[in-house]
Amino acid sequence: MADMMWAGRFSKQVDETVNAFNSSIAFDGRMYRHDIQGSIAHATMLGDCGIITKEDSLEIIGGLKEILADIDSGKLELDPTAEDIHMFIEAELTKRLGDVGKRLHTSRSRNDQVAVDLRLYLRDEIAEIYAMVKKLAVTLVTMAKEHTETIMPGYTHLQRAQPVTLAHHLMAYVWMLLRDMERLQDVSKRMNYCPLGSGALAGTTYKTNRKQTAELLGFTAPMPNSLDGVSDRDYCVELCCALSLLMTHLSRFSEEIIMWCSWEFKFVELDDAFATGSSIMPQKKNPDVTELIRGKTGRVNGDLVTLLTMMKGIPLAYNKDMQEDKEAIFDAVDNVKLCVKTFIPMLATMRVLKENMRNAAAKGFINATDCADYLVKKGMPFRDAYKITGTLVAECIAKGVVLETLPIEEYRKMTELFTEDVYEAISLDTCVKERKSEGGPSPDAVKEQIALAEKSLELC
C-alpha cells in the first residue's frame, strides 16, 4: 500500500479486511495530544543534538503545534482509515512540510513512540481520577461530620451485630478511598520513566540525549533498558488493578445503598435526580446508579483480566498483541471516571432517615456484647458472661421482649451481679459512646478519625 510507512518491503497492498483489523486509530486517536507532545520533545532533542538541523527541528515543532491546534479546533479530523494516530500525525506533518516532516522519525521507532504516548496519557488520567476520588472522600467526610451521633446497626454476615454510627460507617469508606489514592500515586510514580529512545527494542546508533527528552516530558528519568522500555505494560496492569480495587470499594458501598433504599431497610432515600422508575410499576423508585456501578465493577475487573492474559505469553520484545492494551485500560479509565463522577452528587443529595436507622439498631439484640461486658467489668470471666447473656437473649426471644425491657428479676435469676444499672449499660447511646477505643464508633473516636482523615486529605 503506497501510503503505508512500511510499504517498501511489500509487493502487494494489505488486504482491506487486514487493514481494518490492524488499525487502532478508532481507539488510540484519543492520544493525539500526547503523541504530538512526545514528538515535539523528540524533535527538540534531534535539533539540539545535531542529528537534524536546528532549522528543520523548529519547522517540525511549528508544524506539530499547528496540527494540534487544528485537531483541537475541529479543522482537522482524524482519518478513520489511518493505521493509528502516530502514522496519521506523521503523514499529516509530511503532507504539510514535505521532506522536513519525514525527518521527525529519525532515531525513533513506533514501538517507543507508542510506549511514551501511553505513559503520558495515563499519567494525565491518573491525576484526574485522583482528584475525583479525593473529592469523593471529602464528600464522605462532610457527611460523617453531620452524623457522628446517628446510631445505626453494624452488621456481620448481614445480621445485626453491634451498634455503630453512620459517621463511623462512612469513615470506613474514606479510609478505603485514601488507600486507593495512595495506590494511584504509587502507579504514577513507578510509570513515570521515559521509554522514548528505546527504539524498536535495541536503541539507536545516533547520539541521542534521552535524559533531555525525559526531562522535557516531565519524566523522572529514561528507562534504563531499551527492551523493557518497549515490551512491558505492567504499568497498565498495575493501574487497572488499582482501578479494580477502587471499583470494588464503590461496588460494596453501592450494594449497601441499594439495600438501604429498600423498604426492608429504608435507611436512606435517593434524590429523584439519581433514581429511575419502572415501566409498569408506578410505585417503584430504583437505585439504578448504584446498580450500574456494581455492574461496571465486573467490566473493569474484566479489563484487568484482559491485560494480564494479553501479557502472560509474550516473549521480548514488542508483539502486536500489545495493541490490545489500550482498549482495556481506556475502558477501565473511562468507566471509573464515569462512576465516581456520578457517585459524588448522588451521595451529597441522599437523605438519611435517622429514626429508621435507630429503630433498626434497637432490634436484634445488638447490645448483647455490652451486656456480657457489664458482667465482665463486675469480675465475671468473659466466657461465663457470654453464656449467661446468650441464655437471656433466648429467653427474650421466647417472651417477645428485648434486653432493655426484660425485668430485672429475670436478670438476677442468672446472677446477682445484675443490678438496675444494667439498663443504662445496655442502652444504645451508652453502647456507642462507651466504644471509645481508637478507631471505634463513639462520637469522640469518630471525630478523631475525621480530623486524621482531613489532615491526610490536606496533604494530598
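How many cavities of 30 Å³ or more does a search of the whole structure find? The search finds 2.

Some ground rules. This is a predicted model, where local features need pLDDT of at least 70 and side-chain atom pairs count only at pLDDT 80 or more, while totals for chains, interfaces and linings use all residues. Residues are numbered from 1 along each chain as its sequence is written, and side-chain values use heavy atoms, with hydrogens and water left out.

Now the terms. A cavity is a set of points, on a 1 Å grid over the protein atoms alone, where a 1.4 Å probe fits but cannot get out. Lining residues have an atom within 4 Å of a point. Points are joined across faces, edges and corners, and the volume is the space filled by probe spheres set on them.

Take the largest cavity. Its volume is about 50 Å³. Its lining residues are His42, Met45, Ser107, Arg108, Asp112, Leu196, Gly197, Thr208, Arg210 and Thr213. Helix H3 (32-48) and helix H9 (210-216) each give two or more of them. Helices here are DSSP runs (H or I, at least four residues), numbered from the N terminus. By class, this lining has 2 nonpolar, 5 polar and 3 charged residues. Nonpolar means Ala, Val, Leu, Ile, Met, Phe, Trp, Tyr, Cys and Pro; charged means Asp, Glu, Lys and Arg; the others, Gly among them, are polar.

Next, the second largest cavity. It holds about 30 Å³ of space. Leu136, Leu140, Tyr173, Leu177, His249, Leu250, Phe253 and Phe343 line it. Helices H7 (110-145), H8 (166-191) and H11 (234-261) each supply two or more lining residues. H11 gives the largest share, 3 residues. The classes here: 7 nonpolar, 1 polar, no charged.

Key
1 Å grid on protein atoms, 1.4 Å probe; cavity = no way out; pocket = protein on both sides within 12 Å on 5 of 7 lines; lining within 4 Å.
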